Amino acid sequence: MAEISETLEDESNSNKTTNKSEASDFDFNTMRKTKPGLKRLFLTLTVFISFLLGMPFLLKSIEIYRSPLPFRDIDALSSSIDSNPLLFPCQFQAVFLDFDHTTSGELDVDKLGFSILGHMQKFTGNDPVCGTCGNNYSVSVTLDSGNHCLHNQVASIASSWPCGAMKELKFEGSLKNDEAFDEYLNSALVGGEGYVENGEKVYTAVVVNRKDDEGVRVVVGKHRHAWIVGRDSLVETVEKVAEIFVKIFVNGGKEEALIHGEFMPVGADGRVVLSFNLLNADPHDWIYDWNFQEIDEILLDPIIEALGPLANISIESQVLYHTPKSSFSYWDEKQAGNIFSTKDLPFFVNSNEWHLDTSIAAGGRSKILQFVVYVPSAKECPLLLQLPSGEISGTNGFISPMWGGVVVWNPPGCLRDSESMHPPRYKISPQDLMKIFEVFTGQIRQLFGLKSDSLYMGTSVTTTVLASERGFTDWELDLLSRQHTCFNLLQCGTTLGSLSRLVQSLPRMIIMDEIGKQVKFSLEAAKLAWSKASRGIYNASAVASRQARSLAEDAFFHPSIMSVSYYSFEHCFAVYSPFFLPVSLHVLLAVVREWKRYKHESAKYRAWKAKEI
């Protein structure tokens with residue numbers, strides 16, 4: 001028994017010795033006997049991947065809708081308008097009557113054409129102005145002796161003058177009556193009103209080689225022709241014809257061919273509201289009313305129809321009371337009236353008492369032109385406007401650019417019925433009302449950039465300009481169409497270019513489908529206007545350019561474009577980072593920490609395995 005116990009003790013002692021030796025070889029800091037588990041790493045990666053998968057949904061939830069805009073087309077339009085001024089093709093013809101061409105032949109007709117072109121180039125200059133013809137014109141010359149006609153080589157428009165058209169006309173009587181001769185010329189031209197087959201207009205100058213008691217007389221008619229009556233040298237006659245073509249038919253009798261944008265009396269939406277106001281300064285003295293509907297039908301409807309291609313015009317009227325003026329006047333014994341001078345005009349309109357802006361339809365970007373008939377009080381009647389020359393104004397009215405016009409109308413006699421307890425009520429007579437609105441017609445012409453006088457003083461010619469019953473002659477409407485087409489296209493290109501740069505600089509700006517459609521239609525209208533203008537179709541180009549500008553303005557000032565939802569990516573990051581950054585940062589750090597731990601434990605396991613081998 002004693003031997004068995006000693007043997008067991010020896011074996012246990014040897015096992016203890018072996019375990020101690022193995023324990024002394026195993027390092028817990030650098031080795032481990034079990035393979036590290038993936039559970040913790042898997043859970044951490046699962047949370048991290050769920051965050052990554054949720055990012056597209058987050059970005060989709062904060063996405064800003066942007067309708068695609070044709071940026072290339074906008075840039076092409078803007079660069080085309082800036083680099084190439086819009087020039088209209090113009091067709092001119094000069095007709096020489098009663099000139100002896102039996103020995104001259106066709107060569108002299110061609111020389112006349114080249115001579116007129118040379119003088120026109122001197123008047124035009126080398127710098128083309130947008131809205132004019134520039135050097136994009138042609139001149140046809142016709143020598144009409146009554147029995148035979150000679151034409152130069154520009155045969156496409158020479159045929160618009162019928163040979164022998166003046167045979168049946170009694171010159172001596174008709175040349176003295178400008179109105180009758182103007183209408184006869186208009187009816188004599190083929191197609192009427194100077195049209196040719198392709199829709200372009202032809203401007204005609206007729207030179208009548210007849211001796212006139214007044215010397216050489218030059219008249220511009222109501223349509224698209226002018227005439228020169230008298231005997232003059234051929235060189236001077238050619239210069240007069242060239243000046244009529246360039247300075248009057250193209251530039252409208254102004255040195256500056258293009259009206260300035262700040263004096264454009266048409267709203268950005270292509271609408272104009274003509275507001276006519278009858279102001280009774282002191283209704284205790286007298287009260288005046290008017291029959292506005294009759295004047296509207298007689299005088300204003302033709303003006304609205306004539307200016308239809310340029311603007312959508314609406315009319316309104318009202319009668320106001322207790323509307324004194326702001327400026328002062330003084331009594332003048334010599335003139336027998338109260339005088340206010342041109343220096344007082346800036347203070348005449350009393351904006352505190354004259355409540356003129358009452359139109360609901362004139363909201364937004366429409367333009368309102370105010371026309372005021374001011375009836376002074378009894379103590380200021382008659383109220384007269386004195387010009388800087390010291391003379392009394394014949395119209396007794398004035399204009400304020402971009403605002404409208406004022407006419408001071410003094411009641412007949414300026415006598416107040418002091419015995420009456422109630423102020424008398426009157427109506428302005430139709431004759432006086434007709435005179436007032438004739439003055440308003442002249443003021444509308446001035447507001448649209450045209451001259452109101454009937455004489456043009458040129459370098460080589462003094463011209464009488466006939467007035468039209470509707471306020472605007474045909475050649476003046478052509479001039480306004482060219483100028484407004486150019487201005488509208490310039491504004492359209494500028495507005496669309498600004499919108500393009502704004503949208504591209506703010507990638508998180510909301511762009512609705514409606515804005516995209518407006519930009520698309522604006523570009524189409526601008527291209528149509530340019531195409532019509534290049535073919536000389538003035539009215540259609542003016543209408544299309546007005547639509548292009550209006551649509552561009554509507555797109556730029558769309559209510560949704562100023563929404564608070566557009567902000568930069570930095571702003572978006574600053575808004576959402578307080579919600580997601582702390583959690584996502586902890587998850588990312590946990591993934592990094594677990595990955596390092598797993599690599600470290602795996603290295604310890606591999607170290608133990610290597611020790612065992």
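These notebook entries record what I looked up in a predicted model.

**Basis.** I number residues from 1 along each chain as its sequence is written, and side-chain values use heavy atoms, with hydrogens and water left out. Because the model is predicted, local features need pLDDT of at least 70 and side-chain atom pairs count only at pLDDT 80 or more, while totals for chains, interfaces and linings use all residues.

**Disulfides.** I looked for pairs of cysteine sulfur atoms within 2.5 Å, the cut-off for a disulfide. The count by this rule is 2.

I took Cys90 and Cys133 to begin with; their sulfur atoms lie 1.6 Å apart. The link is left-handed, with -50° about the S-S bond. Cys90 sits in strand β1 (residues 90–97) and Cys133 in the loop between α4 (105–124) and β2 (137–144), so the pair links distant parts of the chain, 43 residues apart. For these elements, helices (H or I, at least four residues) and strands (E, at least two) are DSSP runs, numbered from the N terminus. I find both Cys90 and Cys133 buried; buried means under 20% relative accessible area, exposed over 50%, and partly exposed in between (1.4 Å probe, protein chains only).

I then turned to Cys130 and Cys486, whose sulfur atoms are 1.8 Å apart. This link is right-handed, with 130° about the S-S bond. Cys130 is buried at a relative accessible area of 14%, and Cys486 counts as buried at 1%.

I also checked Cys492, which counts as buried because its relative accessibility is 0%.

**Nonpolar cores.** I used this rule: buried Ala, Val, Leu, Ile, Met, Phe, Trp, Tyr and Cys residues joined through side-chain atoms within 4.5 Å. The largest core has 64 residues, and Phe92, Ile116, Met120, Phe249 and Val519 touch the most other members. Helix α8 (residues 234–250) gives the largest share of this core, 9 residues. Apart from it I noted another core, of 43 residues, which includes Ile303 and Leu480.

I listed contacts (heavy atoms within 4.5 Å) for Phe249, not counting residues up to four places away in sequence; among them are Phe92, Tyr203, Ile244, Trp475 and Arg482.

**Gln443.** I located Gln443 in helix α10 (residues 430–447). Is Gln443 buried or exposed? Gln443 is buried, because its relative accessible area is 3%. Leaving aside neighbours within four places in sequence, Gln443 is in contact with residues including Phe371, Phe398, Ile399 and Val407.
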